[in-house]
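Please read the following walk through one chain alongside its sequence and coordinates.

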Amino acid sequence: QVQVVESGGGLVQAGGSLRLSCVVSGRIFRINTMGWYRQAPGKQRDLVATITSGGSTNYADFAKGRFTISRDAAKNTVYLQMDILKPEDTAVYYCTASNVGANYWGRGTQVTVSS
């Protein structure tokens, strides 16, 4: 089994910061891409940021300049540093990891930004 476990969510004031972590464990051969998505009530699940095994990153427009994704490949861990948070960032944040054969998802961590 493959486990994807997020942590670091919580309640923060607008303008504040949070750092999310995601650890992937279990029987996964090789991870090509890891990333973060988010979903607010009544909304689609949207991409936040991704990072490849080679270190290439991609960000949603709303994340550019505020969020930073990083990866520790040896630990199968991905991070999302979120700065200058806005109430619109309130959502459940999901971690994902993929290889050639499959995609894996965590159960999410709640991020709530108060005004």
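Asn76 sits in the loop between β7 and β8. In this predicted model, the phi angle of Asn76 is near 50°, a positive value in a residue other than glycine. Most residues other than glycine have a negative phi. Asn76 counts as partly exposed, since its relative accessibility is 26% and the partly exposed class lies between the 20% limit for buried and the 50% limit for exposed. A positive phi of about 50° is also found at Ile84, again not a glycine. Ile84 belongs to the loop between β8 and β9.

The pairing extends to an open sheet of 4 strands in the order β1-β3-β8-β7, with antiparallel pairing. The edges are formed by β1 (2-7) and β7; each has a single partner strand, so one side of each is left without a neighbour in the sheet. From one strand to the next, the twist averages 15°.

With its neighbours within four places in sequence left aside, Leu80 is in contact with Leu18, Arg19 and Leu20, with Trp36, with Val48 and Ala49, with Phe67, Thr68 and Ile69, and with Tyr93.

What remains is the charged side chains. Side chains of opposite charge can pair when their charged atoms come close. How many salt bridges does a search of the whole structure find? The search finds 3. One of them joins the side chains of Asp89 and Arg38, with 2.8 Å from N to O. This pair links distant parts of the chain, 51 residues apart: Asp89 is in the loop between β8 (77-82) and β9 (91-98), and Arg38 is in strand β4 (residues 33-39). Both Asp89 and Arg38 are buried.

Asp89 also forms a salt bridge with Arg66, where the closest N and O atoms are 2.8 Å apart. Arg66 lies in the loop between β6 (57-59) and β7 (67-72) and Asp89 in the loop between β8 and β9, so this pair ties together parts that are 23 residues apart in sequence. Are these two residues buried or exposed? Asp89 has a relative accessible area of 1% and is therefore buried, and Arg66, at 9%, is buried as well. Both values fall under the 20% limit. Through Asp89, then, Arg38 and Arg66 are joined to a network of salt bridges.

The side chains of Lys64 and Asp61 meet in another salt bridge, with 3.2 Å from N to O. Is Asp61 in this pair buried or exposed? Asp61 has a relative accessible area of 65% and is exposed, whereas Asp89 is buried.

Technical notes. Residues numbered from 1 in each chain as written. Predicted model: local features only at pLDDT ≥ 70, side-chain atom pairs only at ≥ 80, totals over all residues. Heavy atoms only, no water. Salt bridge = Lys/Arg side-chain N within 4 Å of Asp/Glu carboxyl O. Helix = DSSP H or I, 4+ residues; strand = E, 2+ residues; numbered from the N terminus. Buried < 20%, exposed > 50% of the residue type's maximum accessible area, 1.4 Å probe, protein only. Pairing = 2+ DSSP bridges. Axes fitted to C-alpha atoms, helices over the stretch in contact; angles between N-to-C directions. Contact = heavy atoms within 4.5 Å.
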